[in-house]
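Please find below a short note for colleagues on the arrangement of secondary structure in this entry.

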Amino acid sequence: MNDRPIHILMIDDDEDDFFLVTELLQDISPGQYLLEWAPTYQKGLAAIEESTHDVLLVDYRLGPNTGIDILRRLNEMPHQPPVIMLTGKGDYNIDREAMQAGAYDYLVKGEMTADLLERSIRYALDEFNHRRSIEESEKKYYGIFEKAHDLIVLADCDRNIIDANPAALRTLHYSREQILKLHLRDLFISKEQSENFLDNICNSGIANSQEYDFKTADNKKLVVLINAVMLDEAAQIFLCVIQDITDKKREEQEKQHQEKFVITGRIARVIAHEVRNPLTNILLAVSQFKEEEQVVANDDTLMYTDIIERNCTRINQLITELLHSTRMIELHVEPHGINALIEKALLLSNDRLQLNEMRVEKDLVAPDVMINADEEKVVIAFLNIIINAIEAMVPGKGVLTITTALSQDKVKLMIRDNGSGIAEDKLARLFDPFYTSKAKGTGLGLTSTQNILLNHKGTIHVDSEQGKGSVFTIAIPVLG
């Protein structure tokens, strides 16, 4: 105890009981306790509201009211000091009712002694401080839980989700009621990943930081980093701190694409220089060789020389296309609306869409967002993606979805199809020169598209799932 007297309010309609308690407190330690008396229920409530007390001694019988009524009123107040209930005689039902209503202890007046009263007061104060400490800790950690930017999910080894903080609900697009009905494995895209995570946390009690693929309520893929720790071994309850690193991973991939593009351009220039010189010599030699009389007179020889010429020309053409698709291009930029540009690309692809009986759904930002763009080149870039989407979809069943949205200082264009999708191992090579799955494709269309967008300081990213389709997301800086 500190040097300040313990301030006690006694609410009791019997003055003799007040004098008795006063004497008992004096016997314990004079000056240690400061006792105030309220002889009625109403005066007791007024005294509680007017000043702060350390402990309340409340008689169970208070005229038409009871000490239980005092406890109930206290529960509505911000300051709730510990209450010791005083009863005229031992009554188990009254004792139980008082403790359930929030009393810290109870004393039978006829059996009260100085030692018993002191013990009860000390117990009530210790218990009050203990409960307040727990409440403060709960508030502190609940505040962290509620306000944390990272996703926090509480779950158990039966795969039940026990709780989730607001950040988790916002990011995963669930309401609290919805997420509590899920199993933890429902958040993972891969069943194998979910089982691996649960094995780690439930068997070792800790799951070190590791990447996993999550899905939101609307089936959007998220790349997350999960740290988990077991909170209750007996109940097998663990806490997951989940960091959404989708944007970070995407930025890393875009940076890798840009670096890869620069390297590819350098290689293309080296190839062009090293291959074109000998190629030119071969073509000159073949041209002279074809003028020889023996060659002119021999059909087989002419056929072979034509094959050489034709393939040398083809090689030269491929080198030219490679250089065009990977070199920095000269732009003639002017302000254009992103919606207007995609509408022009759709107009150019309209015949193919109608021929294949495909539906176009649009959700375009309003008003249109202006960007600095070379109209001809950007429309070609958009058209390349649209044509790829058309070719990936089944005629008569294809749905092409075009969405534009403003995101901070960039405008995003999403071109989605419900086609066959792209295998995971092929996504990484999608923008590589000459990489194609088409029988007659050159494999330079998407390389050229990427080049155009990079020259506009934009980015392009692809998400795909086999059997469900692909979505190309393009981000271009908004005109400042």
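Predicted model: local features only at pLDDT ≥ 70, side-chain atom pairs only at ≥ 80, totals over all residues.

In what order do the 5 strands of the open sheet lie?

1. The open sheet is formed by 5 strands in the order 14-16-17-19-18, and their pairing is mixed. Strand 14 (359–363) and strand 18 (459–465) are the edge strands, each of them pairing on one side only. On average, and with direction ignored, neighbouring strands of the sheet are turned by 15 degrees against each other.

2. Within this sheet, strand 17 (residues 410–416) pairs with strand 19 (residues 469–477) in the antiparallel sense, over 7 bridges. Opposite Ile415 stands Phe472 in strand 19.

3. Helix 12 (residues 338–348) packs on the sheet, where this helix touches strand 14, strand 16 (399–407), strand 17 and strand 19. The direction of helix 12 makes about 165 degrees with that of strand 16.

4. Helix 3 (residues 67–74) packs with helix 4 (residues 92–101) at an angle of about 10 degrees, and their axes are 9 Å apart. Helix 3 is therefore roughly parallel to helix 4, given that angles under 35 degrees count as such.

5. As to the residues involved, helix 3 contributes Ile68, Leu71 and Arg72 to the contact, while helix 4 contributes Glu97, Ala98 and Ala101.

Technical notes: Residues numbered from 1 in each chain as written. Heavy atoms only, no water. Pairing = 2+ DSSP bridges. Helix = DSSP H or I, 4+ residues; strand = E, 2+ residues; numbered from the N terminus. Axes fitted to C-alpha atoms, helices over the stretch in contact; angles between N-to-C directions. Contact = heavy atoms within 4.5 Å. Parallel < 35°, antiparallel > 145°, perpendicular 65-115°, else oblique.
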